[in-house]
Amino acid sequence: MTNGVAAALAVAGRILGEERPWAPSLRPWRHSEVAALPTATRTNAKVGLHLMTGYARLVTKADPQPAEGAGSVGRDGLRPVGVCTVDGETSSVVPMCTHLFGTLKWNDAERTWDCPLHGSRFDHRGEVLEGPATRPLKSR
C-alpha cells in the first residue's frame, strides 16, 4: 500500500518537474541493478540450496511419534511425510508447500509448518496461516 502512494508521488513529481530525492529508487531501470547481479545470483543460489537440502531430508525416515510440541520431516515408505504432536494429538501431513512445493520445516516455537522458500506457514493440521500459499496441506 505504501509503495503505491510513493509511486504516485514520484510520478507526479517527475511530471511537474519537482522530483523528490528518493524517487529515482522507484524507477524501473537503474544502472546499479547491473552491479547487483552477483548479489542476486548468490541469493538465488541460496534459495536453490534450501530447496535441494529440503528434498534431501526426505530421504530419512520420519519419527512416527514425535515428543509434545515437536515435529519431523522424512518419509514413510516412498512418500514424504511430516509428523508432529500438538496438545497430545499426533497428526501427519504431506510436508510440501502448496505454493511452489518447497519442503516444509517444523517450527517448535510456533508449532507450525514453515516454508523456508517464500514464508508460507501452516498449523499442525495443515491449514494455511500465512501465504503466499492459499491451499491447505494434504493430510496423511
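Modeller: Trp-106 is buried, because its relative accessible area is 13%; buried means under 20% relative accessible area, exposed over 50%, and partly exposed in between, with a 1.4 Å probe and protein chains only. This is a predicted model, in which local features need pLDDT of at least 70 and side-chain atom pairs count only at pLDDT 80 or more, while totals for chains, interfaces and linings use all residues. Residues are numbered from 1 along each chain as its sequence is written, and side-chain values use heavy atoms, with hydrogens and water left out.

A search of the whole structure finds one aromatic pair. Its members are Trp-106 and Trp-113, edge-to-face, with 4.8 Å from centre to centre and 65° between the planes. For such a pair, the ring centres of Phe, Tyr or Trp (its six-membered ring) lie within 6.5 Å; planes under 30 degrees apart count as stacked, over 60 as edge-to-face and the rest as tilted. Trp-113 counts as buried because its relative accessibility is 0%.

Strands (E, at least two residues) and helices (H or I, at least four) are DSSP runs numbered from the N terminus, and two strands pair if DSSP finds at least two bridges between them. Strand S6 (residues 121–122) is joined to S5 by two bridges, and the two run antiparallel. Both strands belong to an open sheet of four, in the order S4-S5-S6-S7 with antiparallel pairing. S4 and strand S7 (128–130) are the edge strands, each pairing on one side only.

Leaving aside neighbours within four places in sequence, Cys-97 is in contact (heavy atoms within 4.5 Å) with residues including Leu-104, Cys-115, Phe-122 and Leu-137.

Strand S6 also holds Arg-121. Arg-121 is buried, because its relative accessible area is 18%. Its side chain makes a polar contact with the side chain of Thr-112 at 3.5 Å, and another of 3.5 Å joins it to the side chain of Asp-114. A polar contact is a pair of N or O atoms within 3.5 Å; within protein, one must be able to donate a hydrogen and the other to accept it, and residues adjacent in sequence count only if both atoms are side-chain atoms. Beyond four places in sequence, the contacts of Arg-121 include Glu-110, Trp-113, Glu-127 and Leu-129.

Two loop residues complete the picture. Most residues other than glycine have a negative phi. Arg-111, in the loop between S4 and strand S5 (112–114), has a positive phi near 55°. Arg-111 is partly exposed, because its relative accessible area is 30%. Phe-101 has a positive phi near 65° and is placed in the loop between strand S3 (89–93) and strand S4 (105–107). Phe-101 likewise counts as partly exposed, because its relative accessibility is 48%.
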